Amino acid sequence: MANMYGSKKKEEDLDQYNIHVARYRPEELTKLTKNTKFTRKEIQLIYRGFKQECPTGMVDEESFKHIFSQFFPQGDASQYAHYVFNTIKHNQTGKISFEDFLSILSKVSRGSVHEKLQWIFGLYDLNGDGLITKKEMLEVVSSIYEMLGRSTEPLVDEHSAKEHVEKIFHLIDTNKDGVVTIDELVEWCSRDERILQSLETLDTVL
């Protein structure tokens, strides 16, 4: 009986050890504050929410898609979530850590206009070659329309997405070489006050 109890106790200890090992430990709060544009209190609040959704401290793509879909129940957010996930994930693990998440959130919500545009460019540059093709832009725009679903007025379809991309791509691709560079994107956005204002509104107080 004592041996059985002892074995059970060891198994419980091992389970606790495995759980402890599996959990990802974020960097120190001071370092996170230094590397982002968030205060200590803001980081603590963000981390609390992150841990509720991701108890292990790491997010794989399927979990990320599930979380993302909760914000867009009226459409299919899976493809757009896939593209966003690829801009955040750590290449070695294929997962998102709290540091990865916080770094991107800092750039998108508190970064300069140029930092925000760099992230947007990376989202559309699907193969990471430093250029955006019309095909890549269409794939991302189509995924946005799928995500918005029934919330768009009027309802959009594949033809609408193609028309939208043709118009925008023509405006951004100033040298008409069939691809968009980061410089062309920055230049185009800098000429449009409405776009600059919309980028500034991403600066939120948590």
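Buried residues account for 32% of the 206 residues in the chain. Buried means under 20% relative accessible area, exposed means over 50%, and partly exposed falls in between (1.4 Å probe, protein chains only). This is a predicted model, in which local features need pLDDT of at least 70, side-chain atom pairs count only at pLDDT 80 or more, and totals for chains, interfaces and linings use all residues. Residues are numbered from 1 along each chain as its sequence is written, and side-chain values use heavy atoms, with hydrogens and water left out.

**Whole chain**

Start with the cartoon. It shows 11 helices and 4 strands. These are DSSP runs, numbered from the N terminus: helices are H or I with at least four residues, strands are E with at least two. The accessible area of the chain is about 13,200 Å², and carbon and sulfur atoms hold 55% of that. Areas come from the Shrake-Rupley method with a 1.4 Å probe; for residues, only the protein chains shown count as cover. Next, contacts, meaning heavy atoms within 4.5 Å. Of those in the chain between residues at least 6 apart in sequence, 60% join residues at least 24 apart.

**Stop 1: the aromatic cluster**

Select F64, F68, F72, Y80 and F85. Together they form one aromatic cluster. Rings of Phe, Tyr and Trp (its six-membered ring) pair if their centres lie within 6.5 Å; planes under 30 degrees apart count as stacked, over 60 as edge-to-face and the rest as tilted. The count by this rule is 7 aromatic pairs. Take F64 and F68: the ring centres are 5.6 Å apart and the planes stand at 40°, so this pair is tilted. Both sit in helix α4 (residues 61-69), 4 residues apart, which separates F64 and F68 by about one helical turn. F64 is buried at 10% relative accessible area, and F68 is buried at 16%.

F64 belongs to helix α4 and F85 to helix α5 (residues 78-88), so the pair ties together parts 21 residues apart in sequence. F64 and F85 are both buried.

Keep F64 selected and show its surroundings. Beyond neighbours within four places in sequence, F64 contacts V59, A81, V84, F85, I88 and I96.

**Stop 2: the largest nonpolar core**

A nonpolar core is a set of buried Ala, Val, Leu, Ile, Met, Phe, Trp, Tyr and Cys residues joined through side-chain atoms within 4.5 Å. Which members of the largest core touch the most others? Select F64, F68, V84, L123 and M137; the core has 43 residues in total. Helices supplying at least two residues each include α3 (40-53), α6 (98-110), α8 (134-148) and α10 (182-191). Helix α5 gives the most, with 6 residues. Colour by domain, with bounds from an automatic or database domain assignment. Domain 1 (28-110) and domain 2 (114-205) both give residues to this core, so it lies between them.

**Stop 3: the annotated spans**

For 112-147, the end C-alpha atoms lie 27 Å apart, and the span is 72% helix and 6% strand. For 160-195, the end C-alpha atoms lie 21 Å apart, with 72% helix and 6% strand.

**Stop 4: T133**

T133 is in strand β3 (residues 132-133). At 26% relative accessible area, T133 is partly exposed. Draw the C-alpha distance from T133 to V179: 4.8 Å in space, 46 residues in sequence. Outside four places in sequence, T133 contacts F169, G178 and V179.

**Stop 5: K176**

Move to the loop between α9 and β4 (179-180), where K176 is found. Its phi is near 55°, a positive value in a residue other than glycine. Most residues other than glycine have a negative phi. K176 is partly exposed, at 46% relative accessibility.

**Stop 6: helix α3**

Select E53, in helix α3. E53 is partly exposed at 44%. Not counting residues up to four places away, E53 touches I67 and Q70. Finish at K41, also in helix α3. K41 is exposed, at 61% relative accessibility. From K41 to L29, 12 residues apart along the chain, the C-alpha separation is 9.6 Å.
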